[in-house]
Amino acid sequence: MSINSINSNYVNTSATQSLNTSQTNLASGTRINSAADDAAGLQIANRLTSQIDGNGQAVANSMSGISVTQIAQGGLESITKDLSSLRELAVQAGNGIYSDSDRQALQQQANALLENIQGTIGSTTFAGQELLSSDSTLDFQVGPDANSTMGVNTNDVSDTLTTNGLFAFDITNQASLDSALSAVDSSLENIDSLQAEYGATQNAFSSRVDALLESQANESAARSRIQDTDFAGEVSNQVVNSILERSSVAVQSQANADASRVLNLLTN
């Protein structure tokens, strides 16, 4: 009777522990809930989690980089439109029937466009950072590891346009028209070059985001294979352990009943 009781208690305890483990795994969705479950697997899963989280932040950083290039391109596009309008005014001022007062009126329109260009340069910003007012680089961490950065160049557009002679734009007399047109053409060429540079940088960020998302998906799948619960298998284990627990309880109850009957016989 004592041996049967010990064996029954052992089966009961083992089944209960296994049943509790199955319930914990099903509730949490993971098969590794502590280092005791799988120490090596837990370490690998934690490293993958760190990598996944790093990739997620790198994606966010890359999206900020894309936003910077888009805003810069928007500012440059506005400047391009104003430069095209200036060119049109310069060509219009070359009309021989225009008087000096007519050309002065055209110059006033040109001055307004030049002021608008200066305003665009100063207002093209991202998170308070001016993008077209100084020559610098904004660096973005675009990976979870060291040495994974990409830069977006900022440019002193005002200085470039000043060098081209744009802000000395004068169409009040025909003698200065060639200089005015030359300044506009040089400025358009510089702005087009900057737009191409920002476009290439945006494409580089977009490609980086695609690579990061793919890597993140693969790492998430790898982590899932290591630590996630196999629900079908765990439910089967739960059923088996539940049956074992109940049967061991029944065996224990029977053993206790036998002991009680023997005790009654001895005392009667």
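**Close-up views of a predicted chain**

Asp185 is partly exposed, with 32% relative accessible area; partly exposed covers values between buried (under 20%) and exposed (over 50%), using a 1.4 Å probe and protein chains only. This is a predicted model, in which local features need pLDDT of at least 70 and side-chain atom pairs count only at pLDDT 80 or more, while totals for chains, interfaces and linings use all residues. Residues are numbered from 1 along each chain as its sequence is written, and side-chain values use heavy atoms, with hydrogens and water left out.

**View 1. Arg87 and Asp185 form a salt bridge.** Let us start with this charged pair. Their side chains meet at 2.8 Å, N to O; a salt bridge here is a side-chain nitrogen of Lys or Arg within 4 Å of a carboxyl oxygen of Asp or Glu. The pair links distant parts of the chain, with Arg87 in helix H2 (residues 39-93) and Asp185 in helix H5 (residues 177-227), 98 residues apart. Helices are DSSP runs of H or I with at least four residues, strands are runs of E with at least two, and both are numbered from the N terminus. Arg87 counts as partly exposed, at 32% relative accessibility. The count by this rule comes to 1 salt bridge.

**View 2. Ile191 is a buried residue of helix H5.** Its relative accessible area is 1%. Who are its partners? Leaving out residues up to four places away in sequence, Ile191 touches Leu76, Ile79, Thr80, Leu83, Val157 and Leu161, where contact means heavy atoms within 4.5 Å.

**View 3. Thr124 sits in the loop between helix H3 (100-123) and strand E1 (125-126).** A polar atom of its side chain lies 2.6 Å from the backbone oxygen of Thr120. Beyond neighbours within four places in sequence, Thr124 is in contact with Ile71, Ala72, Gly75, Gln129, Glu130, Leu131 and Leu132.

**View 4. The whole chain places these close-ups in context.** Of its 268 residues, 32% count as buried. Among contacts between residues at least 6 apart in sequence, 74% join residues at least 24 apart.

Terms used
A polar contact is a pair of N or O atoms within 3.5 Å; within protein, one must be able to donate a hydrogen and the other to accept it, and residues adjacent in sequence count only if both atoms are side-chain atoms.
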